[in-house]
Amino acid sequence: MEMINAIGRRKASVARVYLTEGKGTITVNGKTMKEYFPVVHTQFNIEDPFRTVGVEGQYDAKVNVNGGGFKGQAEAVRLAISRALVKIDEENRKLLKEKKYLTRDSRVVERKKYGKPKARKSFQFSKR
């Protein structure tokens, strides 16, 4: 099997994933996944597409991710891994779609408006 690549995005994060056959190691920006994402639930989030399809330990993933925070990055990696697994075998689509791992979450931060301190927050109103 050659290298399969896919892209995932979430908030301001962009993740590029390269899947090859291997022992199941996940490398993120040159570090192991446990070093880069020390929080346990984000590690679970990233590995869950492999578990859902039932191929954990069969593919090595090399991930380049930048932008955003750790949660947005983790979800971008999850989307990219899911897309790569669908490229490998089209039958994986049904299982991943049930868990909504193939849906690009398009919610981003609303821009700040002029005359206000934040996007919607206003200064205190005084009638007199």
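The protein chain of this predicted model has a radius of gyration of 18 Å, whereas a compact globule of 128 residues would have one near 14 Å. The radius is taken over C-alpha atoms, and the globule rule is 2.2 Å times the number of residues to the power 0.38. Along the principal axes, the C-alpha atoms fill a box of roughly 70 × 30 × 25 Å.

Residues are numbered from 1 along each chain as its sequence is written. In this predicted model, local features need pLDDT of at least 70 and side-chain atom pairs count only at pLDDT 80 or more, while totals for chains, interfaces and linings use all residues; side-chain values use heavy atoms, with hydrogens and water left out.

The protein chain holds four helices and five strands. Their order along the sequence is β-β-β-β-α-α-β-α-α. Both kinds of element are DSSP runs numbered from the N terminus: helices are H or I with at least four residues, and strands are E with at least two.

Of the 128 residues in the protein chain, 35% are buried. Buried means under 20% relative accessible area, exposed means over 50%, and partly exposed lies in between (1.4 Å probe, protein chains only). The protein chain exposes about 8,500 Å², and carbon and sulfur atoms supply 52% of this area. Accessible areas come from the Shrake-Rupley method with a 1.4 Å probe; for residues, only the protein chains shown count as cover.

Contacts are pairs with heavy atoms within 4.5 Å. Among contacts between residues at least 6 apart in sequence, 66% join residues at least 24 apart. The protein chain carries 29 positive and 14 negative side chains. The centres of the two sets lie 17 Å apart. Lys and Arg count as positive and Asp and Glu as negative; His and the chain ends are not counted. Each charge is placed at NZ of Lys, CZ of Arg, CG of Asp or CD of Glu.

S13 belongs to strand β2 (residues 13-21). S13 counts as buried because its relative accessibility is 1%. Two polar contacts involve its side chain, a polar contact being a pair of N or O atoms within 3.5 Å; within protein, one must be able to donate a hydrogen and the other to accept it, and residues adjacent in sequence count only if both atoms are side-chain atoms. The S13 side chain reaches the backbone oxygen of G67 at 2.7 Å. Beyond residues up to four places away in sequence, S13 touches G8, N66, G67, G68, G69, G72, Q73 and A76.

Q73 also takes part in a side-chain polar contact with Y36, at 3.1 Å. Y36 sits in helix α1 (residues 33-36). Y36 is partly exposed, because its relative accessibility is 23%. Neighbours within four places in sequence aside, Y36 is in contact with V28, N29, K31, V65 and Q73. Y36 and F70 are 34 residues apart in sequence, and their C-alpha atoms are 8.9 Å apart in space.

K31 lies in strand β4 (residues 31-32). K31 is partly exposed, with a relative accessible area of 42%. Residues up to four places away are again not counted: K31 touches I26 and Y36. The C-alpha atoms of K31 and R107 are separated by 28 Å, and these residues are 76 apart along the chain.

E75 is part of helix α3 (residues 70-88). E75 is buried, since its relative accessible area is 14%.
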